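The sequence and structure are shown first.

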Amino acid sequence: MNNLFTIDREKLFRLLEGNEPSNEELNSILEKAHQLQGLDLEEVSALLRVQDPDKIKKIMEVAKYVKEEIYGKRLVLFAPLYTGNVCVNNCVYCAFRRANKHLVRKVLNMDEIEQEARMLLKDGHKRILLICGESPRNDIRYVCEAIRRVYAIQVGKDNIRRINVELAPMTVEEFHRLSKEKIGTYVCFQETYDPVLYKEYHPEDTPKSDYLYRLNVMHRAMEAGIPDVGLGVLFGLADYRFEILALMEHAKDLEKRFGCGPHTISFPRIEPAEGAPLPENIPHKVSDDNFKKIIAIIRIALPYTGIILSTRESDELRTELFNYGISQISAGSRTNPGAYSHVADKSGSQFALGDHRSLEEVISGMIDCEYIPSFCTGCYRHGRVGADFMDLAKPGLIKQFCFPNALFSFKEYLYDFAGEETRQKGLTLIEKMLSQMPESKVKDKIIEELNAINDGKRDCYF
């Protein structure tokens, strides 16, 4: 790939200098955001300088409006499936680091991966994120075989319908192989965009210590034909304001070169990790209030990009953040290989969890807040991905698929997996959502499909 993407560190830090925007300046920026037009780098930098609580409240209110206009009252659910915790890197914030002698290591074989996927299916999951440490033991051949093995599983009428992957950077040739496996989104965290601090957190000569190789991983993936990619930073490693501006630059460059920016962005914060020194003294700790502001700013700056929140955060904070921009969450997660099926109970986890609820408990809480849990994978299977997805999302047309498909997958879950209490209040929520829809042929079709689910039909999607 020619013309490597780079981050102008000095430029971004200069943009963070200056005064807080005036009320007039803030209102002008938020009016643009209210029109679902997104924001440019200078406008985002102005919002990042806001400290006044009343101004922050305005930002949060616009973020809530944008979230509901584009995504409505629905949230996509998934679970991570860790295939291994062996890693050649030595990142100072991660329990999987090579120097951690306390961690019990494990790389799952294909039978064990199948057992893990079967347990997730029995809970009701349909979407998984395949993830592992970086090691020759889980190379591209291993990953492709694991993907095929999981897609082939059938438990009654149920199967894993979409596999996203979070894997170490690859070459264009390796990405070509991966693209043939019908994956959803390819995810890879930059961890921090600050090139100076990146060197400190990734010591020694390891694959991950190459900042520019990692920074350009999405460009290689999209060049190889993977249409949907997911960016991410680990908050706590550097000034969060710098990270947000760098994310904006990254997204803008992808859209310029490939006609489409990131499909998702993930926003974890550093959590305790056994055998990792940095979480004991987080250098750039992000408070809950600043974390809420981060989510809100990205929601209005990149309105059509999915924002993912993991189970690192507490259930109370996760529930609050649903309102301000989160569109996808993990649920019932485990971060050690073999944990779902207990094939490796003693294997070490990557980090501590904040939300320990089961999938059903998460869904029950979502219903109480009148959010529709979605396991939908219709867009992937109809080819509404990459630039084609954004062409539907930006004029607001994607909602005509997303909302019905969320209802269908939710009702399947209620009939096949939920306890009686969850089922009844979930069905009541579906009826309430339907009652709020105007009469139309689309509504008639939705009701027809929902009735077919009553009669045993499964995997319904528009």
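The model is predicted.

**Cavities**

The model holds five cavities of 30 Å³ or more.

A total of 47 residues line the largest cavity. Those that lie nearest its centre are Y82, I131, E166, F189 and Q350. Several strands take part in this lining: β1 (74–84), β2 (127–132), β3 (162–166), β6 (264–266), β7 (306–309) and β8 (328–330) each contribute at least two residues. By residue class, the lining of the largest cavity consists of 25 nonpolar, 14 polar and eight charged residues.

The second largest cavity has a lining of 22 residues, and R74, V76, H263, F389 and C402 lie nearest its centre. Two or more lining residues come from each of α4 (53–71), β1, α15 (378–382) and α16 (386–393). The element that gives the most to this lining is α15, with three residues. The lining of the second largest cavity is made up of 12 nonpolar, seven polar and three charged residues.

**Helix packing**

Two packed helices are described by the angle between their axes and the distance between the axes.

| Helix pair | Angle between axes | Axis distance | Handedness of crossing |
|---|---|---|---|
| α3 (41–48) and α11 (240–258) | roughly 165° | within 10 Å | right-handed |
| α14 (359–368) and α18 (420–435) | about 40° | 10 Å | left-handed |
| α18 and α19 (441–454) | about 165° | 11 Å | left-handed |

The axes of α3 and α11 cross at roughly 165°. An angle over 145 degrees counts as roughly antiparallel, so α3 is roughly antiparallel to α11. On the α3 side the contact is made by L41, V44, S45 and L48, and on the α11 side by Y240, R241, I244, L245, M248 and E249. Seven of the residues in this contact are nonpolar, one is polar and two are charged.

Helix α18 packs against α14 at an angle of about 40° and against α19 at about 165°. In the contact with α14, the residues of α18 are T422, K425, G426 and L429, while α14 supplies E360, I363, S364, I367 and D368. This contact divides into three nonpolar, three polar and three charged residues.

The pair α18 and α19 is roughly antiparallel, because the angle between the two helices is about 165°. Here α18 makes contact through I430, L434 and S435, and α19 through K443, I446, I447 and L450. Five residues of the contact between α18 and α19 are nonpolar, one is polar and one is charged.

**A residue ahead of α1**

Where does T6 lie in the chain? T6 is in the segment before α1 (9–15). Leaving aside residues up to four places away in sequence, T6 touches L212 and L215. T6 and F78 are 72 residues apart along the chain, and their C-alpha atoms are separated by 32 Å.

Technical notes. Residues are numbered from 1 along each chain as its sequence is written. This is a predicted model: local features need pLDDT of at least 70, side-chain atom pairs count only at pLDDT 80 or more; totals for chains, interfaces and linings use all residues. Side-chain values use heavy atoms; hydrogens and water are left out. On a 1 Å grid over the protein atoms alone, a cavity is a set of points where a 1.4 Å probe fits but cannot get out, and a pocket is an open set with protein on both sides within 12 Å along at least five of seven lines; lining residues have an atom within 4 Å of a point. Grid points are joined across faces, edges and corners, and a volume is the space filled by probe spheres set on the points. Helices (H or I, at least four residues) and strands (E, at least two) are DSSP runs, numbered from the N terminus. Ala, Val, Leu, Ile, Met, Phe, Trp, Tyr, Cys and Pro count as nonpolar, Asp, Glu, Lys and Arg as charged, and the others, Gly among them, as polar. Axes are lines fitted to C-alpha atoms, for helices over the stretch in contact, and angles run from 0 to 180 degrees between N-to-C directions. Angles under 35 degrees count as roughly parallel, over 145 as roughly antiparallel, 65 to 115 as roughly perpendicular and the rest as oblique. A crossing is left-handed if the near helix is turned anticlockwise from the far one by less than a right angle, and right-handed if clockwise. Contact means heavy atoms within 4.5 Å.
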